[in-house]
Amino acid sequence: MKPADGMRILWQSSTALERFPHYADAIRSHAAERCAAGTTLTVRGVPALAPEASKLHYRAFDFLNNRALLESALRAEREGYDAIALGCFLDPVLDELKEALDIPVVSLGETAMHLACTLGRRFAVLSHTAAFNTKFHADLISKYGLEKHAGPLVSFDLPFEELMAGLNGDAGACLERIRQAGRAAVAQGAEVILLGCGMMNLIGVRNGLAEIDGAVVLDASGALLKMTEAMVVLRRTSGVKVSRKGYYARPSDAEIDAVARAYGLRIDADK
């Protein structure tokens with residue numbers, strides 16, 4: 001068997017996907033076109049709770065939502081997945097998952113921002129919710145040490161109805177709003193454009209939006225899929241993994257089990 005054969009990847013979304021079946025379908029279609037022939041991708045979201053729980057631009061709600069992400073990802077390793085693609089631009093619980101899991105955990109925001117630095121000198125993040133730029137994206141840029149490469153964080157109004165229409169095949173209005181925000185970013189010096197939302201990224205890229213006024217629009221979802229596959233291959237062939245020296249020192253399996261039980265997390269594969 002070749003190193004790239006037989007991969008099982010979990011695409012872990014921070015969204016209650018049962019409410020957005022067209023979004024889940026778009027992720028699967030994107031993976032079918034970009035992943036290697038032997039890769040199997042499973043798409044999993046979080047439980048559908050109160051509609052207000054999906055307002056992740058509030059940090060308190062994001063914190064609560066992250067429990068479901070952590071539980072699902074911990075279970076995924078025990079279910080035999082080779083890696084996790086964390087399909088949220090906010091990179092929720094990314095450090096915690098790298099700390100606790102031995103399989104690769106790769107995330108949308110971190111992957112997109114670092115790859116953008118290889119494609120141009122300055123990147124911009126477009127967000128349909130101003131609070132994401134204010135409360136999350138600026139912090140991520142600082143955390144990853146990319147301030148000198150980061151251009152504008154551009155927020156724009158995108159009505160929920162237009163976002164949903166874009167997922168359902170009527171993307172015209174949504175794309176025009178993205179293009180307008182992208183032009184504003186290019187005018188401020190952006191050379192690479194990141195669409196700071198998994199849904200918005202798929203709407204743009206799957207409708208042929210590859211550049212705006214000469215600036216590249218990165219297929220962040222595609223990049224995440226390929227980077228996740230690459231990390232599996234490197235782990236299998238070269239032993240590449242997260243360092244356990246220092247920041248990502250890992251608790252023992254017994255400690256993880258004990259704490260999971262204490263907090264009521266269901267992480268065993270047969271649960």
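# Terms and values in this model

Visitor: Why is Tyr248 called buried?
Guide: The relative accessible area of Tyr248 is 17%. Buried means under 20%, exposed over 50%, and partly exposed in between (1.4 Å probe, protein chains only), so Tyr248 is buried. The model is predicted: local features need pLDDT of at least 70, side-chain atom pairs count only at pLDDT 80 or more, and totals for chains, interfaces and linings use all residues. Residues are numbered from 1 along each chain as its sequence is written, and side-chain values use heavy atoms, leaving out hydrogens and water.

Visitor: Is Tyr247 buried or exposed, and how do you know?
Guide: Tyr247 has 59% relative accessibility, so it counts as exposed.

Visitor: What makes the pair of Tyr247 and Tyr248 edge-to-face?
Guide: The structure holds four aromatic pairs. In one of them, the ring centres of Tyr247 and Tyr248 are 5.0 Å apart and the planes stand at 85°. Rings of Phe, Tyr and Trp (its six-membered ring) pair if their centres lie within 6.5 Å; planes under 30 degrees apart are stacked, over 60 edge-to-face, and the rest tilted. The value of 85° therefore makes the pair edge-to-face.

Visitor: Why is H4 called roughly perpendicular to H9?
Guide: Helix H4 (residues 108-116) packs against helix H9 (residues 220-238) at about 100°, and their axes are 9 Å apart. Angles under 35 degrees count as roughly parallel, over 145 as roughly antiparallel, 65 to 115 as roughly perpendicular, and the rest as oblique. H4 is therefore roughly perpendicular to H9. The axes are lines fitted to C-alpha atoms over the stretch in contact, and angles run from 0 to 180 degrees between N-to-C directions. Helices (H or I, at least four residues) and strands (E, at least two) are DSSP runs, numbered from the N terminus.

Visitor: Which residues make H4 and H9 meet?
Guide: On the H4 side they are Leu108, Thr111, Ala112 and Leu115, and on the H9 side Ala220, Ser221, Ala223, Leu224 and Met227. Contact means heavy atoms within 4.5 Å. By class, this contact has seven nonpolar, two polar and no charged residues. Nonpolar here covers Ala, Val, Leu, Ile, Met, Phe, Trp, Tyr, Cys and Pro, charged covers Asp, Glu, Lys and Arg, and the others, Gly among them, are polar.

Visitor: What makes H4 largely enclosed by the rest of the structure?
Guide: Seven of its nine residues are buried, so H4 is described that way. Those seven are Leu108, Gly109, Glu110, Thr111, Ala112, Met113 and Ala116.

Visitor: Why is H1 called oblique to H8?
Guide: The axes of H1 and helix H8 (residues 198-206) come within 10 Å and cross at roughly 55°. That angle makes H1 oblique to H8. The crossing is left-handed. In that term, the near helix is turned anticlockwise from the far one by less than a right angle, and clockwise gives right-handed.

Visitor: Which residues of H1 and H8 meet?
Guide: Tyr23, Ala26, Ile27, Ser29, His30, Glu33 and Arg34 of H1 touch Gly198, Met199, Leu202, Val205 and Arg206 of H8. The classes are six nonpolar, three polar and three charged.

Visitor: How do you know the orientation of H1 to H9?
Guide: H1 and H9 pack at about 55°, with axes 10 Å apart. H1 is therefore oblique to H9. The crossing of this pair is right-handed. His30, Ala31 and Arg34 of H1 contact Ser221, Gly222, Leu225, Lys226 and Glu229 of H9. This contact has two nonpolar, three polar and three charged residues.

Visitor: What covers the buried residues of H6?
Guide: The cover includes H1, helix H7 (172-187) and H8. In helix H6 (residues 160-167) the buried residues are Glu162, Leu163, Met164, Gly166 and Leu167. Gly169 follows H6 and has a positive phi near 105°.

Visitor: Why does Thr15 count as buried?
Guide: Its relative accessibility is 18%, so Thr15 counts as buried. Thr15 lies in the loop between strand E1 (8-12) and helix H1 (21-34). Leaving aside residues up to four places away in sequence, Thr15 touches Phe20, Tyr23, Gly45, Val46 and Met199.

Visitor: Are Asp91 and Asp213 buried or exposed?
Guide: Asp91 has a relative accessible area of 5%, so Asp91 is buried. Asp213 is at 55% and therefore exposed. Asp91 sits in the loop between strand E3 (83-86) and helix H3 (94-100), and Asp213 in the loop between strand E8 (211-212) and strand E9 (215-217). Phi is positive for Asp91, near 50°, and for Asp213, about 50°, although Asp213 is not a glycine.
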